[in-house]
Amino acid sequence: GFSATLTEPIDTPGRRGDQIKEMELKLHPDLKVPLTMLCSDPNTTVVVLSGSDRAILDENFGEFDMWLAAENGMFLRSTKGEWMTTMPEHLNMDWVDSIKQVFEYFTERTPRSHFERRETSLVWNYKYADVEFGRLQARDMLQHLWTGPISNASVDVVQGSRSVEVRSVGVTKGSAIDRILGEIVHSKSISTPIDYVLCMGHFLGRDEDVYTFFEPELPSDSIRLPRIKPIEPRSSVEKRLSPKLPHGGKSSSSSSGGSSSSKTQSKSLPPHLGPNSDKKSTTTTGGGGGGAAYGNSGKRGASSENGAWNVLDLKKENYFSCSVGRTRTTARYLFNTSEDVVAFLKELGEAAFSNQLLSYI
């Protein structure tokens with residue numbers, strides 16, 4: 001997750017909303033080396049799944065060998081390739097203009113707030129406004145929205161800690177993850193189950209199904225198999241191409257995110273990664289950002305009598321879902337702040353580098 005977990009702090013006194021927007025979403029400088037280490041590991045794939053637009057992700061992550069998923073997964077690319085779209089062909093966006101007028105009105109009324117128009121959503125952000133005044137304005141905005149422009153529209157209203165987002169129904173990180181992972185499995189020709197998943201995010205409630213998508217402790221028949229259907233590349237004029245099935249049509253996919261482990265495992269985790277006491281006794285809970293890494297070097301056997309296998313056939317001790325700053329979460333672990341995420345990823349990067357050195361000896 002990029003916006004809430006991987007960015008550097010912004011000093012905002014005296015800045016207007018438009019100036020703040022221009023400064024936002026810069027990758028924390030301490031993460032460049034560890035991300036390089038993790039992305040260079042041939043057995044690891046890193047995915048940044050963000051609500052941010054493509055230009056923001058390109059600017060911050062274009063130099064790394066990773067996968068980028070923009071606008072809650074509506075757009076996807078490997079940094080070695082072109083952007084593709086997962087957007088439904090007939091997505092109704094007729095509601096945009098009326099919502100935009102409401103957002104413009106509240107931006108003018110709320111100093112140091114701003115809003116963004118994305119291809120599938122509109123986001124009003126009051127992160128740098130006065131806290132109490134911003135909350136009052138957000139409450140007023142929600143009343144305007146529900147009684148007016150969205151009363152009959154096919155949209156979801158998602159309220160964050162300092163934001164209000166209106167987006168088309170069905171546009172969530174969870175709904176896009178199967179397409180994302182299916183494309184990764186196809187492009188990397190992954191043919192064995194993934195042996196490790198780490199998912200860290202400051203996900204809004206509607207996006208938290210990313211965590212449970214990978215949950216090994218769910219009954220096997222409740223985990224939907226990702227649809228291995230390639231995403232259509234977009235040309236310079238955003239033309240939609242005909243979808244093509246991957247060679248062999250295997251129903252498998254690689255995963256990006258997740259965290260779960262037993263109590264004995266949690267003892268080996270860094271002190272800033274704490275358990276959530278509300279979870280069942282066999283696991284700890286936690287939080288993370290919207291980015292994920294998974295290993296695909298495992299060689300577990302077939303998962304059914306006919307020899308079929310599921311790429312998400314994870315063992316629970318190899319699954320780590322982490323929430324950042326949100327105690328009400330389905331994730332297994334909790335990071336208190338984004339600085340904890342930075343420290344943790346630095347440790348992971350050092351471990352990846354050490355393993356690569358050992359492999360050459």
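Biologist: Which residues of helix 3 are exposed?

Modeller: This is a predicted model, in which local features need pLDDT of at least 70 and side-chain atom pairs count only at pLDDT 80 or more, whereas totals for chains, interfaces and linings use all residues. Residues are numbered from 1 along each chain as its sequence is written, and side-chain values use heavy atoms, with hydrogens and water left out. With helices taken as DSSP runs of H or I of at least four residues and strands as E runs of at least two, both numbered from the N terminus, and with exposed meaning over 50% relative accessible area, buried under 20% and partly exposed in between (1.4 Å probe, protein chains only), the exposed residues on the other side of helix 3 are Ala-55 and Glu-59.

Biologist: What arc do the buried residues of helix 3 cover around the axis?

Modeller: The buried residues of helix 3 are Arg-54, Ile-56, Leu-57, Asn-60 and Phe-61. They lie on the same side of helix 3, because the arc that they cover around the axis, taken from the directions to the C-beta atoms, is only 160°.

Biologist: Which elements do these buried residues of helix 3 pack against?

Modeller: Packing is judged here by contact, that is, heavy atoms within 4.5 Å. By that criterion, the buried residues of helix 3 pack against helix 2, strand 1, strand 2 and strand 3 (75-78).

Biologist: Is strand 14 largely enclosed by the rest of the structure or open, and how many of its residues are buried?

Modeller: Tyr-319, Ser-321 and Ser-323 point one way from strand 14, while Phe-320, Cys-322 and Val-324 point the other way, and all are buried. Strand 14 is therefore largely enclosed by the rest of the structure, its buried residues numbering six of the six.

Biologist: Which residue of strand 15 stands opposite Ser-323?

Modeller: Strands pair if DSSP finds at least two bridges between them, and strand 14 pairs in the parallel sense with strand 9 over five bridges, with Gly-201 opposite Ser-323. Strand 14 also runs parallel to strand 15, to which three bridges join it. In strand 15, the residue opposite Ser-323 is Leu-334.
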